[in-house]
Amino acid sequence: QQLCHNSSALVVKNSVLGMGFRNPAMELWLPMSMVALPSLMLATTTIIATITTTAAAVEAIPVCSYGNCSGQHGLPACSKDGRSTLERWREDFSTGDRLSFVVRYTCADIATCNDNSLFGRMAANLRCLVKGPSGRGSIEMTGYTDSDFFRSKIEVHTKRPCAFYMIPGLQSGKGLSVPDAAAATNASQVEDEDAENSTCSNADQLLEFYTGSVDPDRQIDPGCPYMPLPEGEDIVRKPVSSWPEGKKWSWNYQFSYLGPVYDVTYVNGEYPGASQYDASEELEEYLINFGAASTEVASGCEEDETLSWGNSDASGAFYDGGVHIRSTRGSYLTRRMYQFKNDVQRDAAMAAALADPTGMTNPGLMYAHLVAGMSGCDVEMVFEVKPKLGGGLETHFSFPLFAYTSERQTQLRESSVVWISGTADSAYGEALHFGVTQRALQHAQNLPCAS
């Protein structure tokens with residue numbers, strides 16, 4: 001677990017999940033260094049894939065198994081105690097606390113679902129909202145990230161807080177999301193030094209845009225605008241063939257600052273992202289277990305009213321105290337995401353996990369590594385890969401570079417560098433490093449350029 005904090009790594013361990021047993025002779029390390037936007041995402045992420053080699057103990061009972069989230073062990077309706085989700089946000093969260101809101105999408109017929117946010121038969125979006133500096137008693141929000149489970153991927157987005165529509169009435173507190181003039185001026189001066197070679201969005205133009213009038217035809221949500229995508233460039237994600245004519249396709253507009261994408265594309269002869277695994281995929285949600293010695297409490301409630309207007313099959317849950325989501329696709333791949341209300345609860349959950357020799361208290365958490373988000377909206381991710389029956393493992397892991405347009409995606413590729421360090425007979429063998437420039441990343445997101 002002592003991993004270099006300056007690199008990103010896929011680590012495959014021959015271990016019993018949760019026990020922390022480690023046999024160095026059986027480890028395969030594939031580190032990949034990465035540069036990211038400091039203001040949006042830490043430049044350090046580590047994904048750990050753990051090989052489970054023994055029969056697993058029974059996990060905690062999920063509060064939601066997709067398709068059955070309101071049964072005997074499900075969550076109560078948020079309105080059951082007479083309090084709205086807006087009141088919960090106002091009264092139960094202090095400065096810096098994070099709300100975890102899970103949005104679930106299913107479609108009986110994918111071809112006719114016509115949901116901007118649907119990427120497969122089942123998808124789960126873990127949306128994090130951070131309470132602003134006014135703290136308890138206010139509805140202020142200061143950070144919003146969206147971590148998406150779909151097919152074999154986990155995709156992370158950073159968004160403007162004004163885009164968080166899951167709580168009715170919250171938009172009246174949508175401040176704190178406009179860049180200040182001093183920051184814009186400083187960034188503009190940096191860019192002007194290289195104006196001849198620069199095609200990036202200028203920071204003072206950003207400030208003018210966010211404080212000026214908005215052209216609704218160039219926005220997916222005029223109430224929460226982003227700098228428009230450049231005209232004439234080729235959009236990467238095209239609308240599906242069944243998309244209704246005249247209805248806006250979200251990927252024609254910027255609606256996020258795209259973060260990293262992680263994808264296990266192949267395991268032991270299976271392609272987990274293939275549609276043949278859609279129907280058998282398991283998606284479950286669990287409350288965080290803080291252990292018997294802790295006074296921390298996790299709770300959740302179902303909130304569907306604001307979601308069903310776009311997709312009648314959509315549902316959601318408001319989690320106070322974090323959440324653990326598990327997805328299993330095919331015979332070999334399981335993914336987990338953890339999110340916590342604050343660092344105190346994260347430490348309590350980790351202590352409870354480490355104290356359980358069976359590994360079934362917050363399973364995989366001791367192997368997870370942080371993907372840091374704006375204002376503390378972090379997620380901790382684990383990819384678990386099983387060996388074949390009788391032994392053997394072959395897996396492909398990808399870290400795609402993504403931008404809204406093909407032209408900007410090309411710029412990301414052209415800025416990339418690759419190098420190898422270490423030797424075959426060193427402790428961890430050879431390490432393959434991959435990086436792209438911060439300037440190209442910011443350009444891809446319509447942000448001011450780095451120097």
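**Close-up 1. A disulfide joins Cys162 to Cys224 in this predicted model.** The two sulfur atoms are placed 2.0 Å apart, and the link of Cys162 and Cys224 is right-handed, with 70° about the S-S bond. The pair connects distant parts of the chain, for Cys162 belongs to the loop between strand 8 and helix 3, whereas Cys224 belongs to the loop between helix 4 (203-211) and strand 9 (257-267), 62 residues apart. Cys162 is buried, and Cys224 is buried as well. A search of the whole structure finds 3 disulfides, and the remaining ones are the subject of the next two views.

**Close-up 2. Cys78 and Cys301 are joined by a disulfide.** The S to S distance is 2.0 Å, and with 90° about the S-S bond this link of Cys78 and Cys301 is right-handed. Cys78 lies in the loop between strand 4 (64-65) and helix 1 (85-92) and Cys301 lies in strand 11, so the pair ties together parts that are 223 residues apart in sequence. Both Cys78 and Cys301 are buried.

**Close-up 3. A disulfide connects Cys128 with Cys377.** Here the S to S distance is 2.0 Å, and the torsion about the S-S bond of Cys128 and Cys377 is about -90°, so this disulfide is left-handed. The pair links distant parts of the chain, with Cys128 in strand 6 (residues 122-131) and Cys377 in the loop between strand 15 (369-371) and strand 16 (379-385), 249 residues apart. Cys128 counts as buried at 0% relative accessibility, and Cys377 counts as buried at 2% relative accessibility.

Close-up 4. Arg104 stands opposite Ser315 in strand 12.

**Close-up 5. Phe101 and Phe164 form an edge-to-face aromatic pair.** The structure has a count of 15 aromatic pairs; in the pair of Phe101 and Phe164, the ring centres are 6.2 Å apart and the angle between the planes is 85°. This pair links distant parts of the chain, since Phe101 is in strand 5 (residues 98-106) while Phe164 is in the loop between strand 8 (153-159) and helix 3 (181-192), 63 residues apart. Both Phe101 and Phe164 are buried. The two residues belong to one aromatic cluster, which is formed by Trp89, Phe93, Phe101, Tyr144, Phe164 and Phe318.

**Close-up 6. The charged ends of Lys341 and Lys248 sit over aromatic rings.** The charged end of Lys341 sits over the ring of Phe93, at 4.5 Å from the ring centre, and Phe93 is itself a member of the aromatic cluster that includes Phe101 and Phe164. The charged end of Lys248 sits over the ring of Tyr253, at a distance of 5.2 Å from the centre of that ring.

Note on methods:
Residues are numbered from 1 along each chain as its sequence is written. This is a predicted model: local features need pLDDT of at least 70, side-chain atom pairs count only at pLDDT 80 or more; totals for chains, interfaces and linings use all residues. Side-chain values use heavy atoms; hydrogens and water are left out. Rings of Phe, Tyr and Trp (its six-membered ring) pair if their centres lie within 6.5 Å; planes under 30 degrees apart count as stacked, over 60 as edge-to-face and the rest as tilted. Helices (H or I, at least four residues) and strands (E, at least two) are DSSP runs, numbered from the N terminus. Buried means under 20% relative accessible area, exposed over 50%, partly exposed in between (1.4 Å probe, protein chains only). A charge sits over a ring if NZ of Lys or CZ of Arg is within 6 Å of the ring centre and within 35 degrees of the ring normal. Two strands pair if DSSP finds at least two bridges between them. A disulfide is a pair of cysteine sulfur atoms within 2.5 Å.
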